[in-house]
Amino acid sequence: NNFKPRDKNNSWIYQAIEYVNSYDGPSLSSFEDEVSEELENTAFGSSGQGFQSNIEIKKLVEDYSMEKCKKHFSDQKYELKDVSLTKPYDFIAKKDGKEYYIEVKGTQTDGSKIILTKNEVEMSRSNGSKMVLFLVHSIEFNKKTIRKGSGEVIIIEPWKLNESKLIAVSYTYSMS
């Protein structure tokens with residue numbers, strides 16, 4: 001498909017089509033992940049990653065966190081590739097012949113709890129020694145823009161899940 005968006009307001013449609021057409025990640029249900037994430041957001045309230053009903057603010061936080069991560073690893077001379085549309089993590093980072101998988105999380109809260117999808121948990125379980133968690137917490141806003149320089153960064157490398165810290169907040173039960 002070589003469709004080009006006619007205007008920038010609809011470019012997300014073509015990105016979504018490209019994502020579906022090029023997806024080669026694990027075949028785990030993204031619907032279940034979305035339901036779990038929404039429930040967990042609501043359950044954690046202000047102490048967790050937080051429920052963000054304003055999709056524009058949520059997107060700004062995500063983009064801001066991705067840019068902070070990109071800058072950090074580029075400054076450290078890593079070769080980065082954004083794979084967030086096709087993989088259960090956000091970046092592949094390469095340096096000195098080694099490859100790492102980076103998961104980026106951003107939140108306006110204190111970051112004491114973060115939301116992980118089923119795919120993210122499975123990725124960390126199977127590739128923990130190569131996983132890196134890049135968390136940007138305490139992101140602040142000036143009305144509709146992020147306050148420049150806000151957000152505290154925590155980097156966990158390698159990011160091997162501590163199973164005792166995972167809290168299941170929902171399950172999907174198959175009736176068939």
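Predicted model: local features only at pLDDT ≥ 70, side-chain atom pairs only at ≥ 80, totals over all residues.
**Exercise 1. Into the largest core**

Work out which elements supply the largest nonpolar core, and follow cysteine 69 and valine 104 within the fold.

*Solution.* Begin with the core itself: it has 18 residues, and those with the most contacts inside it are Cys69, Phe73, Ile102, Val104, Phe134 and Ile139. At least two core residues each come from helix H3 (55-75), strand S2 (91-95), strand S3 (98-106) and strand S4 (131-137). Helix H3 gives the most, with six residues. A separate core of 13 residues lies apart from this one, and includes Tyr89, Val121, Met131 and Leu161.

Now take cysteine 69. Beyond its neighbours within four places in sequence, cysteine 69 is in contact with Leu80, Phe91, Ile102, Val104 and Phe134.

Then turn to valine 104, a residue of strand S3. Its relative accessibility is 9% and the cut-off for buried is under 20%, so valine 104 counts as buried. With neighbours within four places again set aside, valine 104 contacts Ser65, Met66, Cys69, Asp90, Phe91 and Phe134.

**Exercise 2. Two rings**

How do the rings of phenylalanine 73 and tyrosine 78 pair?

*Solution.* The structure holds four aromatic pairs. For this one, the ring centres are 5.2 Å apart and the planes stand at 80°. An angle over 60 degrees counts as edge-to-face, so that is what this pair is. Both phenylalanine 73 and tyrosine 78 are buried. To finish, widen the view: Phe73, Tyr78, Tyr100 and Phe134 form one aromatic cluster.

**Exercise 3. A serine in a loop**

Is serine 150 buried or exposed?

*Solution.* First locate serine 150 in the loop between strand S6 (145-146) and strand S7 (152-156). Its relative accessible area is 7%, so serine 150 is buried. Last, list what it touches, not counting residues up to four places away in sequence: Tyr64, Lys68, Ser138, Ile139 and Glu140.

Conventions: Residues numbered from 1 in each chain as written. Heavy atoms only, no water. Core = buried A, V, L, I, M, F, W, Y, C linked by side-chain atoms within 4.5 Å. Buried < 20%, exposed > 50% of the residue type's maximum accessible area, 1.4 Å probe, protein only. Helix = DSSP H or I, 4+ residues; strand = E, 2+ residues; numbered from the N terminus. Contact = heavy atoms within 4.5 Å. Phe/Tyr/Trp six-rings, centres within 6.5 Å; stacked < 30°, edge-to-face > 60°.
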